[in-house]
Amino acid sequence: MVLAYDAEDTISSNHLCQPNINNCDNYQANNPPLVQQTPHAHRCGRYLEATRDVPAGMEFSPIGGIMVQVLRLVDSVRKCLYIVGTALLVLVAASNTITWHLQRFWGASGDFWQRKWENIYNLFGGDHFSLGVIGTTVYGMMVFWFANLFLLILDMTGKPATLLRYKVQPDKNVPVPRDQLWRAIRLVVFNQTVVGIPVAAAVYYIMKMRGCSMLPADLPTFHWALFELIVFVLVEEIGFYYSHRLMHHPKIYKYIHKRHHEWTAPIGIVSIYAHPVEHVLSNLIPPALGPILMGAHLANAWLWFGLALLSTTVAHCGYHFPFLPSPEAHDYHHLKFNQNYGVLGVLDRLHGTDNMFRASKAYERHFLLLGFTPMLQQFPDAPSKSKSE
Ligand SMILES: [Zn+2]
Ligand SMILES: [Zn+2]
């Protein structure tokens, strides 16, 4: 039995989607020993490959042990080569093509973006303060409510009913209690206006000091815009992870962050349902830091803010829809409180704040759904732990 778990450990080091079971009693309690299992609906069905060729009864003999060791080593190397090799081939073959297409799109539509930004710029009469403060606030609200309108209709009416099968926590908030919802909407609008506008003004002056432009003539090139976006993502991960962990400090949590965690099964608008202090520290400053550091053009900052708003809406929406990023990690954070503090998951891995998550069923579901069969159907909870997962 121990051999079987060891085998999985070795495989997991070369297999990104495998749960890490190190130090996890929970996982062992919920997963019977591999040598007794029949293949089940595990995400990749790889558990048994390292042990299936060992003759019955030999699992516990020294020879059987060596065979398992050799087989799992070969298996690991093979899988590693397969994954790395395939990824390299695809990258080498496609990188030039992808870059060319993107650049062509950017170039061909360069006039389009230029004209659009000119229109926006002229709409504010070339007044930089209005564009930077009011323009940014209105734009952010438009993106947010546009993305959430559809989700709100779904959450309030339960229609179209066919989408309910994509719920991450199927028995929760169907439909959403109206009083809870209005309470959330009121705070969200307060955060977007009373809190958001002064912060937008402060960010405007800081960006001005950093030399950020908003002139249509200064729009960045495709490569520079892309490079900046990558920096924005990484800076936000650092800012959000540590400010979020600070919010969970026992001496702070109950005064500030508890508000956001009233929703153990979140919905889209909960992404900015937060105490105003938290809204500034975790929701506004981390995304603004990247553009400030890079001295970015306001148009690229808007593109980034739009992406960040869509991303956090998806992370909170409570549905694991096909072809959209997985919301499992942050949904799990709302369920368990002390897991998955970050956005990308990179710092959670570094600090081990995703150990419980990686041993959970939710982790098996945590990938891009490329079909229409709901995750819960593909990876159902074990009956005994349906409440705890
Ligand atoms: Zn949240
Ligand atoms: Zn939290």
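How many of the 19 residues of H10 are buried? In this predicted model, the count is 14 of 19, and H10 is thus described as mostly covered. The helix runs over residues 298–316. From the first C-alpha of H10 to the last, the distance is 27 Å, close to the 27 Å expected at 1.5 Å a residue. After H10 comes Gly 318, which has a positive phi, near 85°.

The protein as a whole contains 15 helices and 0 strands. It has 389 residues, of which 33% count as buried. Contacts were also examined by separation in sequence. Where the two residues in contact are at least 6 apart in sequence, 69% of the contacts join residues at least 24 apart.

One pair of helices was considered in detail. Helix H6 spans residues 178–209 and helix H9 spans residues 276–294. Their axes come within 11 Å and cross at roughly 30°. Angles under 35 degrees count as roughly parallel, and H6 is therefore roughly parallel to H9. The crossing of H6 past H9 is right-handed.

On the H6 side, the residues that meet H9 are Asn 191, Val 195, Val 199, Val 203, Ile 206 and Met 207. On the H9 side, they are Pro 276, His 279, Val 280, Leu 284, Ala 288, Pro 291 and Ile 292. Sorted by class, the contact of H6 with H9 has 11 nonpolar and 2 polar residues, with no charged residues.

Notes:
Residues are numbered from 1 along each chain as its sequence is written. Chains are lettered from A and ligands numbered from 1 in the order in which they are written. This is a predicted model: local features need pLDDT of at least 70, side-chain atom pairs count only at pLDDT 80 or more; totals for chains, interfaces and linings use all residues. Helices (H or I, at least four residues) and strands (E, at least two) are DSSP runs, numbered from the N terminus. A residue is buried if 20 or more other C-beta atoms lie within 10 Å of its own, exposed if 12 or fewer, and partly exposed in between; C-beta atoms are placed from the backbone. Two residues are in contact if their C-beta atoms, placed from the backbone, lie within 7 Å. The expected span of a helix is 1.5 Å times one less than its number of residues. Axes are lines fitted to C-alpha atoms, for helices over the stretch in contact, and angles run from 0 to 180 degrees between N-to-C directions. Angles under 35 degrees count as roughly parallel, over 145 as roughly antiparallel, 65 to 115 as roughly perpendicular and the rest as oblique. A crossing is left-handed if the near helix is turned anticlockwise from the far one by less than a right angle, and right-handed if clockwise. Ala, Val, Leu, Ile, Met, Phe, Trp, Tyr, Cys and Pro count as nonpolar, Asp, Glu, Lys and Arg as charged, and the others, Gly among them, as polar.
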